[in-house]
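The sequence and structure come first.

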6 protein chains.
Amino acid sequence: MATTHLMTDVEADADPIVKAVFADIRETRGSDFINNIWRALAADPPGLKRTWENVKSLMAVPGALDPKTREMIYIAVSVANGCSYCVHSHTAAAKAKGMSDAEHGELMQIVALAASTNHLVTALQVPVDPEFEVN
Amino acid sequence: MATTHLMTDVEADADPIVKAVFADIRETRGSDFINNIWRALAADPPGLKRTWENVKSLMAVPGALDPKTREMIYIAVSVANGCSYCVHSHTAAAKAKGMSDAEHGELMQIVALAASTNHLVTALQVPVDPEFEVN
Amino acid sequence: MATTHLMTDVEADADPIVKAVFADIRETRGSDFINNIWRALAADPPGLKRTWENVKSLMAVPGALDPKTREMIYIAVSVANGCSYCVHSHTAAAKAKGMSDAEHGELMQIVALAASTNHLVTALQVPVDPEFEVN
Amino acid sequence: MATTHLMTDVEADADPIVKAVFADIRETRGSDFINNIWRALAADPPGLKRTWENVKSLMAVPGALDPKTREMIYIAVSVANGCSYCVHSHTAAAKAKGMSDAEHGELMQIVALAASTNHLVTALQVPVDPEFEVN
Amino acid sequence: MATTHLMTDVEADADPIVKAVFADIRETRGSDFINNIWRALAADPPGLKRTWENVKSLMAVPGALDPKTREMIYIAVSVANGCSYCVHSHTAAAKAKGMSDAEHGELMQIVALAASTNHLVTALQVPVDPEFEVN
Amino acid sequence: MATTHLMTDVEADADPIVKAVFADIRETRGSDFINNIWRALAADPPGLKRTWENVKSLMAVPGALDPKTREMIYIAVSVANGCSYCVHSHTAAAKAKGMSDAEHGELMQIVALAASTNHLVTALQVPVDPEFEVN
């Protein structure tokens, strides 16, 4: 079901870039599990490295937002972009980082509400109120 | 720039449904300001009422998520759906509810990161790991 | 605000393909008005001709659906795809073909409702019921 | 394949909100069949209730548009938003409400045509004709 | 998994329009293989004919862009529109027309980069620089 | 019209990260012009730096695809994602890197064709042919 081969650990060991990224994913996450996006990206080692570094530098480092909120934002974008894999993986991650069933339910409802007003506003072509603009 | 007329307060007073909704918006928000989405929706009073009740019941009532987080999720969806008006209005709302510049910057970066991996995963058609599925 | 020049009638007369398409648009619609999409496409005469023929063969010929319903479907797609120009032009066309204010209001609400359940279903990754599949 | 559990009838009976919504769906539709979206939403009873009330108040009540046209608009939005489940369920619903094969074929072609001109217009950044604006 | 029946060769032979289109696909491509999009479209012979003629006139005729580049552009759009089938079919076509693994990897990265800056710009509502406008 | 302030050169000089990125943009491009996306991102210096490094490492370095093709792919994604600013800026960039009017016209037509078949396939829920899958 993929447009590329999912790289096995044995194959990954044969490419120094892939081997290093897979090792860093395992160390950063404290888990032996490498999920499929990394195995699919591994066919293009520079792309794998670039993608992992982007994800790691933003999602695995403390910042202004807590890890659970970050994952809920990730889910919201992934839903709007229609990415089934991403919705699955980040819903699992959000739960692992403490998202409760009530928070999950409310997230779903806000995403759905935003989608409905997004479409209404686009249908009505509502002009931006001057009060909302930043100079 | 709209596909419908933006209703003035004088016109709103002539329709009992619109008048009541506008009054409730002002009371709920503690502000006299009615932004353009409501003035555009007012051409269809039942649609105005339905939309406001949906927004009010979800965004103006305490729940599992705090108001700032809700607005950041709203922004994330609105960006992915390309709704300029919604991005403007909910960015203003998130700031009014306490979103800091650092949080805004991080929100932008997570939205952009999610979009990039959403597209990568779709391009590679990565199959969902069984570990992510809920039975 | 365009990425291409909007062709004037004087310029159009100098290219036989553009001249013929502009004449056919005027004759088919019974109006002298050529809206901007055609003036923008005219920079690429084969693309202009192909696009007009596609639109004409589908929207200007009697078929299974009446002209008003076709325009409302066109609006629905254009909203979901976030095309401001298309929402403007096809809302005007739908009104010209008889869409009432009540029908417009209901169309907006159905589009918004569909968007909300589209996002809910994607968020929940609901599997298709076997009852809905066609063999 | 879902990110949430699909609630069975036995489980639904244990939650008074879910039980009531499921009963109302069956009564409104005159059918014992509860499709998966409702079973997925049931994990969040307030979200289930809100969503069903929105759908019921718009799709199950007579208004300006006939039921078949409403379903075709729903399909159009669902296609543009890329919601596989929604396309399946509303295509089935449209057929049940009388959509003929010819109407289905024409709907597909209009959706495809709209998508093509949506993208053309966005690529060319065509400015809105003043004739299309509502003051 | 489809919302329409996939037409077999035996059934196709019974409809003169479908029979002719299927024959032209085979002749144009120099292959006996008819992929599923055509078998799905065949339920609506005029829609099948229109779609095939559009595809043939653009993708199977020499022009300004080479066949490989055309397929890579097709993939980029299909990814952004979230069309799983299209990503599969046009990735196979691009490879058949000479896309290397390195080009595929770079295409993926550009698509992902574009998606990320698309979302950033929408989030920040960046105004267009006058330098980019065409008069 | 932005949700953030566009940083001037005087302001940029006061932040060492922004100052360095702006200098690198000018040196890499051999031009004094800093377009608005960078001035908007500058409110979040780490986000500015991350974004510029991603763009520079992919678009300003020789690789498997030539610069003109990269820009055309960027345009295709930006159109499908409905990013007006991005369509403007990358159309200008593609022209600066040699895209002819004929290539631009053909790019538009391929984007529009892809969008139409993307929507058709989603509407018909066409199953992926086994021939297109990679094991």
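In this predicted model, chain F and chain B bury about 670 Å² between them, and 50% of that area is on carbon and sulfur atoms. On the chain F side, the greatest losses of area to chain B fall on F:T3, F:D44 and F:R50, which together account for 60% of what that side buries. The contact draws ten residues from chain F and eight residues from chain B. Helix α4 (residues 45-59) of chain F gives the most to the side that touches chain B, with three residues. By class, the side of chain F that touches chain B consists of four nonpolar, four polar and two charged residues.

The interface of chain B and chain A is described in the same terms. The size of an interface is often given as the accessible area lost when the parts come together. For chain B and chain A this buried area is about 5,800 Å², with 75% of it on carbon and sulfur atoms. Chain B brings 63 residues to the contact and chain A brings 63 residues. Polar contacts across the interface of chain B and chain A number 22 residue pairs, both residues at pLDDT 80 or more. On the chain B side, at least two residues each come from α3 (36-41), α4 (45-59), α5 (67-80), α6 (84-96) and α7 (101-124). The most is given by α7(B), with 17 residues. The side of chain B that touches chain A has 38 nonpolar, 18 polar and seven charged residues. Two salt bridges cross the interface of chain B and chain A. In a salt bridge between these chains, the side chains of B:E106 and A:R70 meet at 2.8 Å, N to O.

Chain A on its own has seven helices and zero strands, and its pattern along the sequence reads α-α-α-α-α-α-α. The C-alpha trace of chain A spans about 55 × 35 × 30 Å along its principal axes. Its radius of gyration is 19 Å, whereas a compact globule of 135 residues would have one near 14 Å. Of the 135 residues in chain A, 60% are buried. Among contacts in chain A with a separation of 6 or more, 47% are between residues 24 or more positions apart.

Over all chains, the salt bridge count comes to 48.

| A:D24 | A:K56 | 2.9 Å |

A:D24 forms its salt bridge with A:K56. Because A:D24 lies in helix α2 (residues 16-29) of chain A and A:K56 in helix α4 (residues 45-59) of chain A, the pair ties together parts that are 32 residues apart in sequence. A:D24 is partly exposed, with a relative accessible area of 23%. A:K56 is also partly exposed, at 29% relative accessible area.

A:E71 is buried, with a relative accessible area of 3%, whereas A:K97 counts as partly exposed at 38%.

B:D9 belongs to helix α1 (residues 9-12) of chain B and B:R26 to helix α2 (residues 16-29) of chain B, so the pair ties together parts that are 17 residues apart in sequence. B:D9 is partly exposed, with a relative accessible area of 33%.

Chain A also holds a network of salt bridges, in which A:D9, A:R26, A:D32 and A:R39 are linked.

Conventions
Residues numbered from 1 in each chain as written. Chains lettered and ligands numbered in written order. Predicted model: local features only at pLDDT ≥ 70, side-chain atom pairs only at ≥ 80, totals over all residues. Heavy atoms only, no water. Contact = heavy atoms within 4.5 Å. Buried area = accessible area lost by both parts, 1.4 Å probe. Helix = DSSP H or I, 4+ residues; strand = E, 2+ residues; numbered from the N terminus. Nonpolar A, V, L, I, M, F, W, Y, C, P; charged D, E, K, R; others polar. Rg over C-alpha atoms; globule rule 2.2 N^0.38 Å. Buried < 20%, exposed > 50% of the residue type's maximum accessible area, 1.4 Å probe, protein only. Salt bridge = Lys/Arg side-chain N within 4 Å of Asp/Glu carboxyl O. Polar contact = N/O pair within 3.5 Å; in protein donor to acceptor, adjacent residues only side chain to side chain.
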